[in-house]
Amino acid sequence: MAEIGNAKVMNRFDLTKRLVARLQHEEAVIGGIGNTHFDLWASGRRPQNFYMLGSMGLAVPIALGVALAQPNRRTIALEGDGSILMQLGALATIATLQPKNLVIIVMDNAAYQITGAQRTATAFRTDIAAIARGAGLAKSVWAADEQDFELLVERALAEDGPSLIAVRIDREPAVATTERDPAQIRDRFMRGLGVKK
Ligand SMILES: Cc1ncc(C[n+]2csc(CCOP(=O)(O)OP(=O)(O)O)c2C)c(N)n1
């Protein structure tokens, strides 16, 4: 656990691989627009992965819906800082509903990287984990380094949530891209969650 100022700058693909390696129970993972889901895709073709195309800010609300619909399945949202800043109200909704099985991971590179690395508010004075705590998500912390990230993920998968893990990351581009086929992505995810034969 760290404060924003002493959290190590890490790498999104490395952290995504560390996360995926810890998933043993067909956990649902919702990747946000662009880089977060590209690196999720590159970390293994899990049928329980959903890749958001097109709209910022929807990984967390989609994950909330999945967590409520399937309370016995851990659900993880991967979102960029620019995207979560567009949908901060979702944090208050989650704090109100308290889904025990929901984990949010915010990949904060302080930029809208995929559209040209324009700086977001987190490049200045905004602290996502502090915002989440203020919204009512008590278990919202910065990962100090890779080992701390793994520990926080392990805890978030084992203990009651909701929880939010914020990580500071570099601006390495994503290593792969998904196919842009929304119907196929939805279909595979529904089968992965056992709601479609
Ligand atoms: C509602 C909405 N506004 C703007 C865009 C254009 N857009 C696509 S990705 C992106 C930047 C995303 O930033 P962030 O979530 O921080 O992820 P990063 O690119 O840094 O990985 C923008 C501005 C969009 N797709 N949807």
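In the protein chain, 74% of the contacts between residues at least 6 apart in sequence join residues at least 24 apart, where contact means heavy atoms within 4.5 Å. This is a predicted model, in which local features need pLDDT of at least 70 and side-chain atom pairs count only at pLDDT 80 or more, while totals for chains, interfaces and linings use all residues. Residues are numbered from 1 along each chain as its sequence is written, and side-chain values use heavy atoms, with hydrogens and water left out.

Let me turn to the overall dimensions. Along its principal axes, the C-alpha trace spans about 50 × 35 × 30 Å.

The protein chain contains eight helices and nine strands. These are DSSP runs, numbered from the N terminus, with helices being H or I of at least four residues and strands being E of at least two.

Next, the surface. The protein chain has an accessible surface of about 8,800 Å², and 53% of this belongs to carbon and sulfur atoms. Accessible areas come from the Shrake-Rupley method with a 1.4 Å probe, and for residues only the protein chains shown count as cover. Of the 197 residues, 52% count as buried. Buried means under 20% relative accessible area, exposed means over 50%, and partly exposed lies in between, with a 1.4 Å probe and protein chains only.

As for charge, the mean positions of the 23 positive and 21 negative charges are 5 Å apart. Here Lys and Arg count as positive and Asp and Glu as negative, while His and the chain ends are not counted. The place of a charge is taken as NZ of Lys, CZ of Arg, CG of Asp or CD of Glu.

I now come to helix H2, residues 35-42. How many of the eight residues of H2 are buried? Seven are, and H2 is thus described as mostly covered. The buried residues are Asn35, Thr36, His37, Phe38, Asp39, Leu40 and Trp41. They pack against helices H1 (12-21) and H8, and against strands S2 (28-31), S3 (49-51), S4 (75-80) and S5 (102-108). Asn35 has a relative accessible area of 11% and is therefore buried. Leaving out residues up to four places away in sequence, Asn35 touches Arg12, Gln113, Ile114 and Ala174. After H2 comes Gly44, with a positive phi near 135°.

Thr178 is found in the loop between strand S9 (163-169) and helix H8 (182-192). Thr178 counts as buried because its relative accessibility is 7%. The side chains of Thr178 and His37 are joined by a polar contact of 2.8 Å. A polar contact is a pair of N or O atoms within 3.5 Å; within protein, one must be able to donate a hydrogen and the other to accept it, and residues adjacent in sequence count only if both atoms are side-chain atoms.

In H8 itself, Ile185, Asp187, Phe189 and Gly192 are buried. The elements covering these buried residues include S2, S3 and helix H3 (59-69). Just after H8, Gly194 takes a positive phi of about 75°.

The loop between H1 and S2 holds Leu23 and Glu26. Is Leu23 buried or exposed? Leu23 is buried, at a relative accessible area of 12%. Beyond residues up to four places away in sequence, Leu23 touches Val29, Arg46, Ile76 and Leu157. From C-alpha to C-alpha, Leu23 and Phe124 are 34 Å apart in space, and they are 101 residues apart in sequence.

I close with the backbone geometry. Most residues other than glycine have a negative phi, and most peptide bonds are trans. Glu26, although not a glycine, has a positive phi of about 50°, and this residue is partly exposed at 49%. Ala110, also not a glycine, has a positive phi of about 60°. Ala110 sits in the loop between S5 and strand S6 (111-112) and is buried at 15% relative accessible area. Finally, a cis peptide bond, with omega about 5°, joins Gly161 and Pro162, and Pro162 lies in the loop between helix H7 (146-158) and S9.
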